[in-house]
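Take a moment with the sequence and the model first.

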Amino acid sequence: MRKNIVAGNWKMNKTLQEGVDLAKELQTALNGKKVNCDVIVCTPFIHLTAVNALLDPTIVKLGAQNCADKGSGAYTGEVSAAMVASTGAQYVILGHSERRAYYGETNAILKEKLKQALENKLTPIFCIGEVLAEREAGKQNSVVKTQIEDSLFELSAEDFGKIILAYEPVWAIGTGKTATSEQAQEMHAYIRQTIAGKYGASVANETSILYGGSANAGNAGELFANPDVDGGLIGGASLKVDTFLPIVEAF
Ligand code: PEP
């Protein structure tokens, strides 16, 4: 079922104690509140177990920001999807542009990560999006289409149906420069049409497609009002309840 979702990506922020405090504060703020979307926080790996212990998943759900492309073995420093799942986390962000740009994650590597995540019953929040030069050259649609085709289109329709997509124009991430509501709707509709071309309209209509890139309390309402924008992946504004909660309440 296509859902409205607001997911926070804490990135490499917060010590363990700070993260526990933020998760507690968020859970308290949302407890008893009627909201019209699922709320997810994606924390650093080391926070997962402690944060999972204090969250009620009917109020705030938990995810990681990455997982390994291998199942287990001699891969020093890596964290497997099975390890993530064993903490109680249900989601994993994959293909974030920071991972693609700084850690060399290619579409081929991401395909393996997706496989690991799905085998371990994690729901991937799969990120796609163009860089500024690609948008300025008018190539955003073909870039995003290739990302989707090369990483996702070998999945069965059933597995594709388990994925959440996040369209994150790289030029909007952490820059304070948000895509306009029209740019977001246009791309989300294009992504949905691309999915429909491969898996059919019903799979496409059931896929949640989130927008990410400097979303905040001021622009979330307008972005989420678009028919093909099903929520947001929120970086900077997810680090404080005061800035995250109004985005959740924008639905
Ligand atoms: C992100 O990291 O996914 C993101 C959208 O960051 P920000 O909201 O800070 O632009």
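Predicted model: local features only at pLDDT ≥ 70, side-chain atom pairs only at ≥ 80, totals over all residues.

| Protein atom | Ligand atom | Distance |
|---|---|---|
| Ser214, polar backbone atom | oxygen | 2.7 Å |
| Gly235, backbone N or O atom | oxygen | 2.8 Å |

The protein buries 96% of the 290 Å² that the ligand exposes when taken alone. Around the ligand there are 14 residues, and the closest are Lys11, His96, Glu168, Gly174 and Ser214. Sorted by type, this shell holds four nonpolar, eight polar and two charged residues.

Now for the backbone. Most residues other than glycine have a negative phi. Lys11 has a positive phi, near 55 degrees, and sits in the loop between β1 (5-9) and α1 (16-30). Lys121 also has a positive phi, near 60 degrees; its place is the loop between α5 (107-119) and β5 (123-128).

Is Lys11 buried or exposed? Its relative accessibility is 19%, so Lys11 counts as buried, the cut-off being under 20%. And what of Lys121, buried or exposed? Lys121 counts as exposed because its relative accessibility is 74%, and exposed means over 50%.

To bring the Lys11 details together: this residue is one of the closest to the ligand, has a positive phi and counts as buried.

Methods: Residues numbered from 1 in each chain as written. Heavy atoms only, no water. Near = heavy atom within 4 Å. Polar contact = N/O pair within 3.5 Å; in protein donor to acceptor, adjacent residues only side chain to side chain. Areas by Shrake-Rupley, 256 points an atom, 1.4 Å probe, with all protein chains shown as cover. Nonpolar A, V, L, I, M, F, W, Y, C, P; charged D, E, K, R; others polar. Helix = DSSP H or I, 4+ residues; strand = E, 2+ residues; numbered from the N terminus. Buried < 20%, exposed > 50% of the residue type's maximum accessible area, 1.4 Å probe, protein only.
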